[in-house]
Number of protein chains: 2
Amino acid sequence: MDSEEENNMIVTFLPQNIKQQVHKKDYLLNIASKANIMIDGNCGGKKNCGKCKVQVVSGVIAPLSSEEISILTEKEIKEGYRLACHLMVEDDLVVQVPQINNNISRKTKLTWMPENLSLKASIKKYFVKIDKASLQNQVSDSDRILKVLPEKGVAISPFLLVNMPRLLEESDPQITVTVKDNLIIDLEIGDTTSHCYGIAFDIGTTTVVGMLWDLNEGKMIGASALTNPQSIFGADVISRIHFSSSDPNNLLIMKTKIKECFNHIIKDFISLYNINNMHIYEATVVGNTTMSHLFMGVDPTQLSRSPFVPVFCMPIDLPGKDMEVNINPLGNVHLLPNIAGHVGSDMVGVLLASDIMELEGINLAIDVGTNGEIVLSQKGRVFACSTAAGPAFEGASIYQGMRAASGAIEGAHIHYGELILKVIDDTEPIGICGSGLIDITAELLNIGIIDHTGKLMDENWAIENNIDTSLAKRLRKGKNGKEFVLFWLEGQEDIVITQKDIREVQLAKGAIYGGIVIMLSELGLQVKDLDKIILAGAFGNYIKKESALGIGLFPKISLDKIISMGNAAGVGASMALLSLEDRKKAHEQARKVEHIELSGHSDFQTEYIKAMNFPKEV
Amino acid sequence: MDSEEENNMIVTFLPQNIKQQVHKKDYLLNIASKANIMIDGNCGGKKNCGKCKVQVVSGVIAPLSSEEISILTEKEIKEGYRLACHLMVEDDLVVQVPQINNNISRKTKLTWMPENLSLKASIKKYFVKIDKASLQNQVSDSDRILKVLPEKGVAISPFLLVNMPRLLEESDPQITVTVKDNLIIDLEIGDTTSHCYGIAFDIGTTTVVGMLWDLNEGKMIGASALTNPQSIFGADVISRIHFSSSDPNNLLIMKTKIKECFNHIIKDFISLYNINNMHIYEATVVGNTTMSHLFMGVDPTQLSRSPFVPVFCMPIDLPGKDMEVNINPLGNVHLLPNIAGHVGSDMVGVLLASDIMELEGINLAIDVGTNGEIVLSQKGRVFACSTAAGPAFEGASIYQGMRAASGAIEGAHIHYGELILKVIDDTEPIGICGSGLIDITAELLNIGIIDHTGKLMDENWAIENNIDTSLAKRLRKGKNGKEFVLFWLEGQEDIVITQKDIREVQLAKGAIYGGIVIMLSELGLQVKDLDKIILAGAFGNYIKKESALGIGLFPKISLDKIISMGNAAGVGASMALLSLEDRKKAHEQARKVEHIELSGHSDFQTEYIKAMNFPKEV
């Protein structure tokens, strides 16, 4: 009893002023998770990314760990900053949490949608008048409903029986019958046939997008995006897998978080568009294989170790009630099939949306999400692989990297010796996101401040080589080695790109380029044979194609042959929602894809290393 | 707060010494139900049957109601007996509850089982060795399982994914795969193929029977029977419907009670036969239409009023987890279809077991359960009807009527002027059950103490007509009018049959006989045309055929043409469990039956009244 009393502590999180009771010593990051406080935890509890900084306002705290001393700046230490993953809470504590912009600042949109969208949804609604029972018409309630239905060979879900007597008790019952795949899944008093909705979900590692569709009209009503709430347990899939497997309860937390996120999006749709969640009859879901596993509550551990085999690839159908997704409880949640351990149903969505398997010529689709997934198609055959490209472009392994949120440098341009930055929401910059990183690298390569081996020059070299002073003075030696200052901040840490950041870009782009070369070689082809490159993923939308070619992210090809498709995975999920034929096609296509495991490919290491250098002729 | 404190009472039920806390005034019968105490409540809360007697041991109690004064004997009142449905509890109370024999004393058996029982169960189990994944065999866990399965075109239930990684983590995984209708519903480490079970349930209004089958061998392992726990809320279906519809919570109570009963039977099987409930893959269920509705939690109110239309007749399949029945959670619970409001799936079981629809000639099947359900078949056509026959034969409307439990007079015979009683368990008699009632009536008819109009003679008549003195002296006038003493009890109420009881027998047998005549008339036939009478139901097993013919329960036919089939409904449920072909046949047969609603038939009232008299030539 004594120890219990001793350990009854309160942690207060500012600025929300949320208080969390704690019964035993625990790390602040875990306590924050229980309180539903979003703290960036990029490394998923490995304790080495340094992203989970919080400022201690008051309370007796344990001394700094050696890792905190090495990761935090002197200034930060003076100001009371600590790493939430390292700080063991042993007494009442008040902490200030740096705010993560949880709303995606870039407007969520499907930049592209195929024309002549096929509409063949699985839901049909009928408004019918039910005969009264009598001694001469002694037919059960359920059989009288089936009798007047225009569709025959239909069954009634047993779950509807409980409410059936109430529906038919009126003197002249007129009801709406909702049929899905020969099963009646809802019965309602009155005419609700005009309300028939579905949602396509795209579970990105970073962002979860929901698209609400009118299934009668085949029209999108709206879209909504939220930061994937699993992000607080790790920025990339490997960190999430690590977190999920480190404690049996964590897997459940991950599952619950993503279901909560879905239900949050649904709640938004309900209030924004004044609809009833009972009228949402289907949801399709795409995501990478780890996201699919976590969504099903399936341990993804084996995805993090060779031979990277998923527990399942098959498409899954389960009612809303069993999936804990707040659509109609008998409505269907359809998870599209995965292809391999790191080529998920999001890529199946890309295949469907791009129709790449039907295109003439030799075509490449790249989804530079948190993982770089690549598909190569030559009519008749399709190869897919995944590369560990994402963390750099999503900000995780970059010193001041961040997601594409407010304050991120998303673009850069050197104009007559002046560095011009493009910052999301036009604020003072606080970090660099993927498109900014590529632009900066390309521009610095262009003027020679970075050479083709990735070496960042120093100020002396710049002066000797007649680089503008305004740029030369940005080259300096910081606490992490050589760096180039992007933005000076008064009294705070300047925004910089470091030599190490550039190495991370090289690793990422080398992996993607190397993967492309290996896939082409499987078909006996070379990079020059490529007809088209399709960029999928939000990242592909914001990337400057010239910069991407400039750093050699993918093979040199004329700009008009590079097509940005935006959230192609989401488009694919929408197509599978709207059309059962498209859904079937997606299943068939997923089975046809030949997966190439780069880690098991003898030539990959060679190609990877070759591709790490930047192109010489920029 | 005051009123809460005032109303915090404890009711103690003896002999179990179970204490129930009560927070507000309530009737003792309701409090007993919450405490799971079985008190007979035949009338379902209508407060007029007088069966729910309890003896108050201590406590301040409300005065007797006028109904209690009229129903209870003076002696009972003196001894502190009260009716639980009338006694409002306002203070701490200790009561002695007369014990109901909850175990069926007559050994549960399927007296008859068709030869050449068809075995084509829906479950198949395979013991297979799963390949290890490798970079050369980068196939998902689920696909590697499907690959080695001899059966093709099979899918895996998504609910199995969560445990799949654990199953395959061994170095040389060998697992048992259980397939039901092309869906894998279980995966287990090791070889469990020899364990494959199913249960056939028969929900009688009075008794619930479960039969455990080995689905590999097609052999019955054992059977178990329990009093239907809903009995405490009413002896017959009408009382149960009344109780279910009198409070929204009552419907849930009824559903929960029957599920608990199933799970009790399953628990018994598990411990008796040392099996794992995960290896019970299917359960089939039959019962009358009210029992089917209550099992599904569906309000049966409309079954109690014209036009007596059920909410559903269709067969139902739902997984164990959704049915709240503790078989394998993905195992299937199959409820056989009903035919009409008072012709249930139990009669569908009788059709299947008796194969009456395929028999040559004109055949009749009668299930004298709580309701008398009758089927008439002439090759090609089948009619069914139900009659309100049951309550008398199940003891409900009989003054000292009781179920066929320990102490019930189950048979009677007059031998050289002596009345010889047959009592269940050879104890002192405490009441009369159905077969005893028929025997007594037939014997008294035979010697003229009852005439063909049903009139019970008095002692004077008996002496004048040379009836043995030992019998004549049994005729007397009691507090309920004329009666015949069956057994004298020292210091307690004697066991008697009253004039009113005989009228109840006449009503019941008139209804059955009248129903038979109406059904025959639909085919242009008369009672003399009948080829066979099949008696279904436990009652049919214990009935003395001569007595049944003696009182004119059914048409006069030679004794060898009357066949007792015992629990034919249970046999039918077992056949539907063992063979998918038989199950399909049962569904088809249910649809072919033409239901005759006697209450809507113009000639029924005439035939009913005609049939109320006993046969003249006994």
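Is Asn182(B) buried or exposed? Asn182(B) is exposed, because 12 other C-beta atoms lie within 10 Å and a residue counts as exposed at 12 or fewer. The model is a predicted one. Asn182(B) sits in the loop between β10 (174-180) and β11 (183-189) of chain B. Its backbone deserves a look as well. Phi of Asn182(B) is near 70°, a positive value, yet the residue is not a glycine.

Tyr416(A) is not a glycine either, and its phi is positive, at about 50°. Look for Tyr416(A) in the loop that joins β21 (408-415) to β22 (418-423) of chain A. Tyr416(A) counts as exposed, because it has 7 C-beta neighbours inside 10 Å.

Next come the cis peptide bonds. In chain A, the bond from Ser306(A) to Pro307(A) is cis, with omega near 5°. Pro307(A) belongs to the loop between α9 (289-295) and β16 (316-319) of chain A. In chain B, the bond from Ser306(B) to Pro307(B) is cis, and here omega is near 10°. Pro307(B) lies in the loop between α9 (289-295) and β16 of chain B.

Now step back to the domains. Chain A is divided into domain 1 (2-96), domain 2 (123-189), domain 3 (197-335), domain 4 (358-388 + 512-612) and domain 5 (392-504). Domain 4 is written as two segments, 358-388 and 512-612. Take domain 2 and domain 5 of chain A as a pair: their C-alpha centres lie 66 Å apart.

Helix α11 (residues 345-354) of chain A packs against helix α19 (residues 568-578) of chain A. The angle is about 75°, and the axes are 7 Å apart. Therefore α11(A) is roughly perpendicular to α19(A). Which residues in α11(A) meet α19(A)? They are Asp346(A), Val348(A), Gly349(A), Val350(A), Leu352(A), Ala353(A) and Ser354(A). Their partners in α19(A) include Ala568(A), Gly570(A), Val571(A), Gly572(A) and Met575(A). By class, this contact has 10 nonpolar, four polar and one charged residues.

How do the two chains relate? Two copies of a chain are related by a rotation about an axis and a shift along it. Here a rotation of 180° superposes chain B on chain A, with 0.0 Å of shift along the axis. The RMSD is 0.1 Å. The two copies are therefore related as by a two-fold rotation axis. Which C-alpha of chain B is nearest the axis? It is that of Asp322(B), 5.2 Å from the axis.

That leaves the interface. In it, 36 residues of chain B are in contact with 36 residues of chain A. On the chain B side, α5 (141-148), α6 (164-167) and β16 (316-319) each supply at least two residues. The largest share, three residues, comes from α5(B). The side of chain B that touches chain A divides into 22 nonpolar, 10 polar and four charged residues. Why do the copies meet through the same surface? They do so because 100% of the interface residues of chain B are also interface residues in chain A.

Key. Residues are numbered from 1 along each chain as its sequence is written. Chains are lettered from A and ligands numbered from 1 in the order in which they are written. This is a predicted model: local features need pLDDT of at least 70, side-chain atom pairs count only at pLDDT 80 or more; totals for chains, interfaces and linings use all residues. Two residues are in contact if their C-beta atoms, placed from the backbone, lie within 7 Å. Helices (H or I, at least four residues) and strands (E, at least two) are DSSP runs, numbered from the N terminus. Ala, Val, Leu, Ile, Met, Phe, Trp, Tyr, Cys and Pro count as nonpolar, Asp, Glu, Lys and Arg as charged, and the others, Gly among them, as polar. Axes are lines fitted to C-alpha atoms, for helices over the stretch in contact, and angles run from 0 to 180 degrees between N-to-C directions. Angles under 35 degrees count as roughly parallel, over 145 as roughly antiparallel, 65 to 115 as roughly perpendicular and the rest as oblique. Domain bounds come from an automatic or database domain assignment. Copies are superposed by least squares on the C-alpha atoms of residues with pLDDT of at least 70 in both. A residue is buried if 20 or more other C-beta atoms lie within 10 Å of its own, exposed if 12 or fewer, and partly exposed in between; C-beta atoms are placed from the backbone.
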